[in-house]
Amino acid sequence: MKTLFLALVLLLSLAGLATAQTTTLSGAVRDGAGRPLPGVNVFLKTTFDGASTDSLGRFRFSTTATGSLPLVLSLIGYQPQEIPVTLGQGPISLPNLKMKDAPAQLGDVVVTSGSFEASDEKRSTVLKPLDIVTTAGSLGDIASALNTLPGTTRVGEEGKLFVRGGAASETKTYLDGLPVQNPYGGAVPSVPARGRFSPFLFKGTVFSTGGYSAEYGQALSAVVGLNSDDLAAETQTGISLMSVGGSLSRTKRWDRTSLAVTADYTNLTPYFRLALPAGSFSQAPENRGGSLSLRHRTGQAGMLKVYGTFSQQRLALRQPDPSPAFQAEGRPVALSNDNAYLNASFRSPLRRGWSLNTGLALTRDDNTIRPDVQTVQDVEQSAVARLVLTNDSASTWFNLKLGAEGYGQQFRQRYQANAEAPTQRLGFDEQRGAAFAESDVVLAKRLAGRAGLRGEYSALLGDWSLAPRLALAYQTGAYSQLSAAWGQFYQTPTNDLLRVSTNLKFEKAEHLLLTFQRVAQQRTLRAEAYYKTYAGLSTFDAAQPFNPSRYQNAGSGYARGLDLFWRDRSTFKKVDYWVSYGLLDTRRQYRADPAQAVPTFAATHNLSVVGKYWVQKIHTQFSFTYSYGSARRFHNPNEPGYNQGRTPDFHDLSLNASYLTHLFGQFTIVHVSASNVLGRQNIFGHRYAVTPDANGQFASVAITPVVPQMLFVGVFISINKKAKVDLNEAPE
């Protein structure tokens with residue numbers, strides 16, 4: 001650690017001090033005959049900054065990047081162009097750009113089946129960082145904001161992402177291409193988990209609900225790809241004063257380097273004393289943590305990133321329980337979670353069109369839960385390394401991506417029935433290796449395809465997995481395309497299963513998707529039909545949960561449905577809104593299920609309506625989110641059958657208001673958020689007693705939110721912010 005610290009100090013001492021600026025780029029693109037070209041992708045290479053040309057071939061966007069970078073023009077059927085531009089020296093106007101026709105060339109047809117994407121190839125960001133923060137009800141949590149997109153089911157007692165009938169463990173998070181082993185904080189039943197990362201760390205996000213790239217493994221249902229920012233825009237200090245705590249940040253920007261340090265603390269004790277019944281929490285949720293983010297530009301396009309974070313989480317409460325011993329005061333449960341995470345990545349162009357992207361991530365998670373007098377401590381340590389080589393210029397009609405990953409994991413569990421009982425220890429060690437190859441190919445002027453193959457070996461399971469993936473995309477118009485994707489996917493069983501038995505194999509899924517998407521004039525229309533089958537799901541005997549011989553890969557299932565998404569940012573002045581709907585039909589046999597059944601975390605109908613309105617006169621954005629979920633299943637032991645009980649429908653209306661102003665001459669945001677403003681008492685299922693009463697019935701209590709409503713007030717101050725902030729413009 002000392003060596004790393006000295007290296008960082010040396011690196012910073014070699015950098016010269018400079019002030020970051022914002023550069024505006026504008027222009028127009030025409031074909032060889034001088035006609036305007038709509039739908040051209042115009043972006044700065046190696047960044048996420050760019051735009052698409054409008055119906056008159058015009059574009060305009062801003063960037064905080066500096067130095068010399070290529071401006072890329074890309075459109076299917078035309079030869080790509082790279083125009084060198086020098087940033088940081090004032091506005092850049094390029095009114096006479098032209099593109100030459102090419103009968104077969106890799107361009108704007110990009111296969112995105114299943115993906116809501118903001119990437120270098122596709123400028124169709126669905127949720128920017130500010131979108132996440134200002135989406136009512138999200139409280140700045142990435143997973144909560146993504147739950148407003150189609151394909152998801154809101155599972156209020158968990159707070160995680162459940163996608164298309166898949167468990168939360170089937171949605172994997174990647175940060176700068178590296179898998180994140182513990183993307184959520186610790187949680188206990190009925191207290192939903194929150195994501196560990198601030199949305200403002202990221203400029204690009206890929207939320208893929210199926211049919212994703214061969215780059216990604218260990219995910220049966222979905223992938224969240226988080227792409228972190230490059231150099232910080234400027235030197236500044238941030239102060240956050242919130243009703244639940246506060247945070248302090250300091251960012252220093254040099255010419256080729258930036259360093260950001262944050263510290264934060266939250267404690268819900270004062271709020272809960274006012275908002276919750278006495279005795280619900282014996283220790284309200286308390287969190288403390290900090291992070292360090294180093295960015296250094298190497299050469300004209302290389303980038304080294306180092307991000308490290310540490311957090312501590314504590315809480316204790318009494319939960320309603322139908323057992324006679326706990327009916328009066330509830331069952332006590334306490335949580336203690338310590339998490340440390342380090343992510344280092346490096347990207348750089350090589351020779352002859354090749355580029356390198358490599359990284360290393362380290363995680364240590366110590367999670368202790370104390371239900372009543374029991375103690376369950378899980379300690380997980382993991383390391384993952386990744387190397388990817390990409391060649392985008394080998395040909396005008398295809399590219400090539402090659403990659404390899406190595407993964408090591410150590411998991412240990414310690415269990416005590418009470419303080420005097422002997423300690424039982426379980427655990428396992430895992431090593432995995434993976435490799436993949438993938439290529440996008442132009443098959444015709446408006447038709448592109450993607451073919452990929454991923455292979456992985458698990459030393460713990462002694463099992464190989466080979467997963468082919470194919471996709472096609474046809475450009476139906478200047479702003480629309482039709483896509484289809486098919487692929488096989490896999491992942492190892494979860495830790496709580498492997499701790500008992502390592503005689504399991506890879507769990508597998510097969511995805512088939514058909515997608516139509518149109519993006520034009522700040523409107524997005526998307527429809528996707530999908531069919532997913534499961535095989536080799538892990539199962540065990542509920543009566544013998546610690547008998548390794550009862551564990552096997554005997555489960556199977558399916559999920560099928562239709563997802564619809566509409567977003568409109570231009571029809572109504574200063575209004576941005578989106579509507580998402582998901583229809584889901586799913587059944588599976590998994591874990592302790594005695595037969596195929598509708599999972600407890602799946603709802604047939606899911607609807608989200610999000611609206612945002614900017615009131616220029618008072619410099620305030622108002623927003624709302626309405627969420628609906630149809631009844632979910634649960635198992636009622638007092639009735640025949642399995643998972644035959646039904647919850648009431650889920651309803652939630654949340655409101656936000658963000659006021660932009662200056663406080664003591666510094667740019668300031670005053671943010672107020674209220675969740676479940678109508679006071680809906682949502683029920684997520686029932687908790688049943690272990691043994692029946694004298695009448696042969698199992699007593700039960702409803703599973704409801706411990707915190708049914710939440711009011712949040714925050715004041716966020718940016719000190720020494722030099723970038724101009726126009727309070728008359730809506731936040732973007």
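Helices (H or I, at least four residues) and strands (E, at least two) are DSSP runs, numbered from the N terminus. The structure described here is a predicted model, in which local features need pLDDT of at least 70 and side-chain atom pairs count only at pLDDT 80 or more, while totals for chains, interfaces and linings use all residues. Residues are numbered from 1 along each chain as its sequence is written, and side-chain values use heavy atoms, with hydrogens and water left out.

**The chain as a whole**

The secondary structure of the chain consists of five helices and 38 strands. Of its 732 residues, 51% are buried, where buried means under 20% relative accessible area, exposed means over 50%, and partly exposed lies in between (1.4 Å probe, protein chains only). Among the contacts with a separation of 6 or more, 63% join residues 24 or more positions apart; a contact here means heavy atoms within 4.5 Å.

**Strand pairing**

| Strand pair | Sense | Bridges | Example of facing residues |
|---|---|---|---|
| β21 (residues 400-416) and β22 (residues 424-444) | antiparallel | 15 bridges | Glu405 and Ala434 |
| β22 and β23 (residues 447-458) | antiparallel | twelve bridges | Gly433 and Tyr457 |

Strands β22 and β23 also form a hairpin, with two residues between them. In a regular strand the side chains alternate between the two faces of the sheet.

Together with Leu655, Val677 and Leu678, Phe624 makes a nonpolar surface patch of about 350 Å².

Thr235, by contrast, belongs to the loop between β12 (222-228) and β13 (236-242), and it counts as buried because its relative accessibility is 17%. If its neighbours within four places in sequence are left aside, Thr235 is in contact with Arg250, Thr251, Lys252, Arg253 and Asn720. With one of these residues, Arg253, the side chain of Thr235 has a polar atom that lies 2.8 Å from the backbone nitrogen of Arg253.

Notes:
A polar contact is a pair of N or O atoms within 3.5 Å; within protein, one must be able to donate a hydrogen and the other to accept it, and residues adjacent in sequence count only if both atoms are side-chain atoms. Patches are made of residues with over 30% relative accessible area and no salt bridge: like charges are joined within 9 Å, nonpolar side chains (Val, Leu, Ile, Met, Phe, Trp, Tyr) within 5 Å. Accessible areas come from the Shrake-Rupley method with a 1.4 Å probe; for residues, only the protein chains shown count as cover. A salt bridge is a side-chain nitrogen of Lys or Arg within 4 Å of a carboxyl oxygen of Asp or Glu. Two strands pair if DSSP finds at least two bridges between them.
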